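Dear colleague,

Please find below the structure for your records.

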Amino acid sequence: MDTKAFMENVKKEINSAMAKAFDKVEELSKLSRLKLKIGSLKSEIKDIKTIIGEYIYQHKNDYKDDKILTEKVKKIQDIEKMIEELEADIITLKEKGEDDEIPDED
């Protein structure tokens, strides 16, 4: 095989490899866009469910007969109480820390 034929063969191989690589990049790009769109739609569903949940929670008295909902509302109330206690602990620690502050040295 002469040099010219060899170079033509190399050129064809490079072009073929580049075309395959380009096709693969294009495919991955399309897949990424689709996966991103799916993630966005799932996020939208989650947001809507959150809004529904907030609405139901605000109208929890309308659902007193629903055992599961009553149980979950009680769990939320218990967690809210724990949060209040922890926030009180933070305030206490901050107040205590104010008494222990070291004066600035100039």
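Three salt bridges are present in the structure, a salt bridge being a side-chain nitrogen of Lys or Arg within 4 Å of a carboxyl oxygen of Asp or Glu. The model is predicted: local features need pLDDT of at least 70, side-chain atom pairs count only at pLDDT 80 or more, and totals for chains, interfaces and linings use all residues. Residues are numbered from 1 along each chain as its sequence is written, and side-chain values use heavy atoms, with hydrogens and water left out.

Helix H1 (residues 3-58) contains both Glu27 and Lys24, which are three residues apart, about one turn of the helix; helices (H or I, at least four residues) are DSSP runs, numbered from the N terminus. Their side chains form a salt bridge with an N to O distance of 3.9 Å. Glu27 is partly exposed because its relative accessibility is 41%, where partly exposed lies between buried (under 20% relative accessible area) and exposed (over 50%), with a 1.4 Å probe and protein chains only. Lys24, at 45%, is likewise partly exposed.

In helix H2 (residues 67-99), Asp78 and Lys74 are four residues apart, about one turn of the helix. The closest N and O atoms of this salt bridge are 2.7 Å apart. Asp78 has a relative accessibility of 33% and so counts as partly exposed; Lys74, at 46%, is also partly exposed.

Helix H2 also holds Glu85 and Lys81, four residues apart. Their salt bridge has its closest N and O atoms 3.6 Å apart, and Glu85 is partly exposed at 42% relative accessibility.

Kind regards

Notes: Helix = DSSP H or I, 4+ residues; strand = E, 2+ residues; numbered from the N terminus.
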